[in-house]
Amino acid sequence: MVDSRSELRTADEAAAPAGFPRDLARFFDPWWERRHAAIAVFTLVCLAGWGATRVSLGSDAAEWWLWAVLGAGGGPLVVELTIRLFKRRFGSDLLAGISILTAALLGEYLAGALVVLMLSGGEALEALAVQGASSVLRALARRMPATAHRKSDSGIDEIPLGDVQVGDVLVVAPHEVCPVDGVVVAGRGGMNEAYLTGEPYRVSKSVGSEVISGAINGDSALDVRATRLPVDSRYARIMRVMRESQQQRPRLRRLGDQLGAVYTPLAVGIALAAWGMSGEAIRFLAVLVIATPCPLLIAIPVAIVGSVSLAARRGIVVRDPAVLERIGGCRTMIFDKTGTLTHGEPRLAEEYVDPAFDPGEALRLTASLEQYSRHPLADAVVAAARRAGLDLLPADSLREPPGEGLVGTVAGRSIQVTSGKKLTAERPQARAWLPPPTGGLECVVLIDGRYAATYRFHDEPRAEGAALVGHLAPMHGFEKVMLVSGDRASEVEYLGRRVGIAELHAGKSPEEKLAIVREETARRPTVYVGDGINDAPAMAAATVGLAMGRRCEVTAEAAGAVLLDDSLGKVDELLHIGRRMRRIALQSAVGGMVLSVAGMILAALGHLPPVAGAIAQEVIDVVAVANALRAAWPPGSLADYHEPTSSDPASF
């Protein structure tokens, strides 16, 4: 039997390098992921040993430290760069590899060791926060229970999740994650399915209700009959889509590689021309020494790490530094609905009260009864009454038969809360009393047997939503804004009108969201903002994935950045941090490259020997890195977008 956790094992095995035995691949993978950091540390240790030995025993005895760096550190880097060269992947690091080889051949071992340190250190800096697909799958697997509680003639047995069979009756305890797709056979309560379906409300569950794996149970235990094997469940399908999304995500060229693709052939060309025209190999080395692309290898990572630090101080955790490079070039913004543009909970948004009743009194009587109910909309009614400053009264004779609404007595008056569908089925003439249907969630209230009010509920938009949507095109160059949700069409259309988004996609499964994001990303770079498990595959497929809040570990793993505050204003701040980082990185890199090209020309003409060139290159490096450090300094303002100071007055 295979359970959802076996999806993780399959993904880990698929990630092993081709031709390696699986056990050896798993052994070497952790080292391979940290190879640049290991080489950088090794190089620093060797350089320290070189300095100490040179002082105590002389330069000849100290050289073996430098040989160790070039052999054990530079060798693997040169081999890796050679493989990239055969794959026609040209970047600034290729020039560093040529510099290492040239320095070794001409006996300039210290120069070669310093280049090894710059190359490995720059790669290690960029890899600090990068995570692979396996981390997302591990987060998915950790969220699911490893065992299930199966009912049997002898009682309740705890069994491995993989042993669950179709037809088994399982007990889902209060606040437990539902382990399987199934049907409720005993009990009554509610489940939170928001992160899986996009439905923002706690869904009532009673006998005959369908449940899905991964949903969080409410306060009451439920007996559930499994209708699918765990490997075929909704949650396992999301895991498979997540793995597929990560594996098919296109690799985008980094900023340093883009600049290096121009700089590297230019530097090599100048060096070869100098050697050919003068006939002196030393000029080739002199050009390469000053051409070593430190502004690309060090200044850009320094700007990135500084911007990551600045973002963290603003409540934004950047997990993948490439986000800061890519986000400024994105032209399509895709929002999830629940928990992203909305708060993810129902609010009383519309009330229609019969003229024979006072609106405040009708709401007070209804809320007084609803305060005893566990229905998903009860809390919204009570919260609306409290916001209106109404004092709630005690209720008695309370009854809540499954599927029949809520009935009780408040202040001597009979109160019934039901649905419009049930009321019109019992009293066909009630159609004339009710407002026109809209397809959203609502409840109907009868007081003393007479129709009193209809209350309608929506997952209300965040107060800043409309302002941010209107801000994206003029200030950040976005050409399209989309809303993609698993929620019902009526709720998505309501939200679209409120925040000003015209392109809407409702009722979408994780697979459908993924297809939409892939299609849009093929046209132009995309940003996807979401917060639920059902957003994780689409988030991983987008050019940049942003997770709102820390409520879902899986989404945070799939995202390139996590906005710790539940505020859409952080999206705008990250856009500005990314734009500022790119500007500072380009200033440092291009400025350093221009100065290096000037030095290369002097070296090619014989006016700058290798030692002087090395000194000049160090000065250029200091200037470039010093400018890159500005990325960590907080500017006067990080955004030109201001959130509204009060909530939408249309909300009750």
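Isoleucine 415 stands opposite isoleucine 447 in β16. Strands here are DSSP runs of E with at least two residues, helices are runs of H or I with at least four, and both are numbered from the N terminus. This is a predicted model, where local features need pLDDT of at least 70, side-chain atom pairs count only at pLDDT 80 or more, and totals for chains, interfaces and linings use all residues. Residues are numbered from 1 along each chain as its sequence is written, and side-chain values use heavy atoms, without hydrogens and water.

**The sheet**

Six strands form an open sheet, and its pairing is antiparallel. The order is β12-β17-β16-β15-β14-β13. Two strands pair if DSSP finds at least two bridges between them. β12 (342–353) and β13 (395–399) stand at the edges with a single partner strand each, so one side of each lacks a neighbour in the sheet. From one strand to the next, the twist averages 25°.

| Strand | Partner | Bridges |
|---|---|---|
| β14 (residues 406–410) | β15 (residues 413–418) | 5 bridges |
| β15 | β16 (residues 441–447) | 4 bridges |

Leucine 406 has valine 417 in β15 as its bridge partner. Threonine 418 stands opposite valine 444 in β16. The hairpin of β14 and β15 has 2 residues between the strands. There, alanine 411 takes a positive phi near 55°.

**Helix α18**

Helix α18 (residues 465–476) has 12 residues. From first C-alpha to last it reaches 16 Å, close to the 16 Å expected at 1.5 Å a residue. That expected span is 1.5 Å times one less than the number of residues.

Gly465, Leu468, Val469, His471, Leu472 and His476 are buried in α18. Buried means under 20% relative accessible area, exposed over 50%, and partly exposed in between, with a 1.4 Å probe and protein chains only. These residues cover an arc of only 165° around the axis, which puts them on the same side of α18. The arc is that of the directions from the helix axis to the C-beta atoms. An α-helix has 3.6 residues a turn, so residues three or four places apart point the same way. After α18 comes glycine 477, with a positive phi near 75°.

**An aromatic pair**

The whole structure holds 4 aromatic pairs. In one of them, the rings of tryptophan 67 and tyrosine 109 have centres 6.2 Å apart and planes at 90°, so the pair is edge-to-face. Rings of Phe, Tyr and Trp (its six-membered ring) pair if their centres lie within 6.5 Å; planes under 30 degrees apart count as stacked, over 60 as edge-to-face and the rest as tilted. Tryptophan 67 is partly exposed at 47% relative accessibility. Tyrosine 109 is partly exposed at 22%.

Terms used
Axes are lines fitted to C-alpha atoms, for helices over the stretch in contact, and angles run from 0 to 180 degrees between N-to-C directions.
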